[in-house]
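I opened this entry to log what I looked up. Space inside the fold comes first, then single residues.

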Amino acid sequence: MSQNNDDQKPDKQSTDKQNINATDQSQIGSKDEQLVVVPGKIDNVHEDDDEQESAATENLDDEDLKEFSEEDKESIKKVANDDNLSKAKSYASILVEQFIDAKETFQRSLGSLFTSAFTAGLELGISFFMILAAFAILNQILPEQYAMVLSSLLYPIGFIIVVIGQSLLFTEQTSLLSLPVLNGIEPLWKLLRLWGIVIVGNIAGGCLFAALMIGLGLNMQLFTVADIDAYAHHVLGFDWWVIFGSAILAGWMMGVAAWLVTSARDTISRILLVTLITGSIGFLGLHHSIVGNIEVFAAFMYGNSVDLTNYLIFLAVVLAGNTVGGVVFVAVLKNRTFLFDIEKAKEDNAQDKRNKIARLNNYEA
């Protein structure tokens, strides 16, 4: 009996120690869970974060790509996977985000579209106002050509306000808004109506700014009528086909700007990208329809070198060129590349399914 009791004591002590260790470990574990310092817990935390990001991406695609078939949706998710925030956005991810933004724009009310476009026209006028004021000063100490080039460095100011403020600018939205139409989600007539609203709003806002603020600048003696005429000549002093080609290049660059802004993950990067692209447009003297509208309309109102016919012809040519540049060289080509990626993803998915079926058949056999 005594031997049995002695044998039982170690068991009891061992049991007590196990209970104590289990209690201590549970307390330590709960404590470490709060501090997130246990190696296993750290892995779980990172895995949970990755799962949340992946789930967010999949939910976004399911909600916003509901017009597509399940097969297309699955392929889009595969090529547009963008869960790693430390890397640049994927090509397909950028295009999908632009598509979603465009679809949201199609769903806005007409009043909202016009007001936003009208605001963008006013805001772009700030660029021309600053350029004219700088040109008037530089022209007194430098030859006119150099003064014009240096003052054009202020060109991006209005564009930064428009892009960061998310107003609707025609040349930025040209390629963006065509994506739902190219993919058969929205009809062409809706796109043309939307373009028309944005163009009218941009032009009306720009003309109002030219009528009020350029007149104010003249009365403040920030610049002169001669300065306004000089800039109008700088814009209009070419054959129509040269202006059209220049407008195509400007529309292309604005489409690229919209693409790069979508690719950026933070505001500072977007400001830098807008500055580089639009600054290049201003430096090269390329023809942008909305800024050009303000430049030429200001000369029509206050200058001596522009009549109504010149203004209207210029506006029509530049709008057509910007549209071609934005739609053909950006939307069509980049969308076509995306569709090729989707077709490749479909083929890969189909091949994976065939391989799984073959493995199951071999297993059953």
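**Cavities and pocket**

I began with the second largest cavity: H9 gives the most to its lining, with 3 residues. Helices here are DSSP runs of H or I with at least four residues, strands are runs of E with at least two, and both are numbered from the N terminus. I noted that this is a predicted model, in which local features need pLDDT of at least 70 and side-chain atom pairs count only at pLDDT 80 or more, while totals for chains, interfaces and linings use all residues. Residues are numbered from 1 along each chain as its sequence is written, and side-chain values use heavy atoms, with hydrogens and water left out.

H5 and H9 (188-219) each supply at least two residues of that cavity's lining. Over the whole structure, the search finds 3 cavities of 30 Å³ or more.

I wrote down the method. The search uses a 1 Å grid over the protein atoms alone; a cavity is a set of points where a 1.4 Å probe fits but cannot get out. A pocket is an open set with protein on both sides within 12 Å along at least five of seven lines, and lining residues have an atom within 4 Å of a point. Grid points are joined across faces, edges and corners, and a volume is the space filled by probe spheres set on the points.

Next I took the largest pocket. It holds about 540 Å³ of space. Its lining has 20 residues, and Asp-101, Val-163, Gln-166, Glu-172 and Gln-173 lie nearest the centre. H4 (91-106), H7 (156-165), H8, H11 (240-263) and H12 (267-284) each give two or more residues to this lining. The largest share, 5 residues, comes from H4.

**Two loop residues**

Gln-166, one of the residues nearest the pocket centre, sits in the loop between H7 and H8. Its phi is near 60 degrees, a positive value in a residue other than glycine. I logged this because most residues other than glycine have a negative phi. Is Gln-166 buried or exposed? It counts as exposed, at 61% relative accessibility. Buried means under 20% relative accessible area, exposed over 50%, and partly exposed in between, with a 1.4 Å probe and protein chains only.

Gln-221 also went on the list. It has a positive phi of about 60 degrees and is not a glycine. Its place is the loop between H9 and H10. Gln-221 is exposed, with a relative accessible area of 70%.

**Two threonines**

Thr-171 is found in H8 (residues 170-182). Its relative accessible area is 1%, so Thr-171 is buried. Its side chain makes a polar contact with the side chain of His-288, at 2.6 Å. A polar contact is a pair of N or O atoms within 3.5 Å; within protein, one must be able to donate a hydrogen and the other to accept it, and residues adjacent in sequence count only if both atoms are side-chain atoms. Not counting residues up to four places away in sequence, Thr-171 touches Met-254, Gly-255, His-288, Ser-289 and Asn-322. Contact means heavy atoms within 4.5 Å.

Thr-262 is in H11. It is buried as well, at 10% relative accessible area. A polar atom of the Thr-262 side chain lies 2.9 Å from the backbone oxygen of Ala-258. Leaving aside neighbours within four places in sequence, Thr-262 contacts Lys-89, Ile-94, Glu-97 and Gln-98.

**Helix H6**

Which residues of H6 (residues 144-151) are buried? I found Ala-147, Met-148 and Ser-151. They lie on the same side of H6 because they cover an arc of only 100 degrees around the axis, taken from the directions from the helix axis to the C-beta atoms. Gln-145 and Tyr-146 are exposed on the other side of H6. The cover over the buried residues includes H5 (110-138) and H10 (225-236).

**Whole protein and confidence**

I counted 14 helices and 0 strands. Of the 365 residues, 42% count as buried.

The mean pLDDT is 79, and 71% of residues reach 70 or more; pLDDT is the predictor's confidence in each residue, from 0 to 100.
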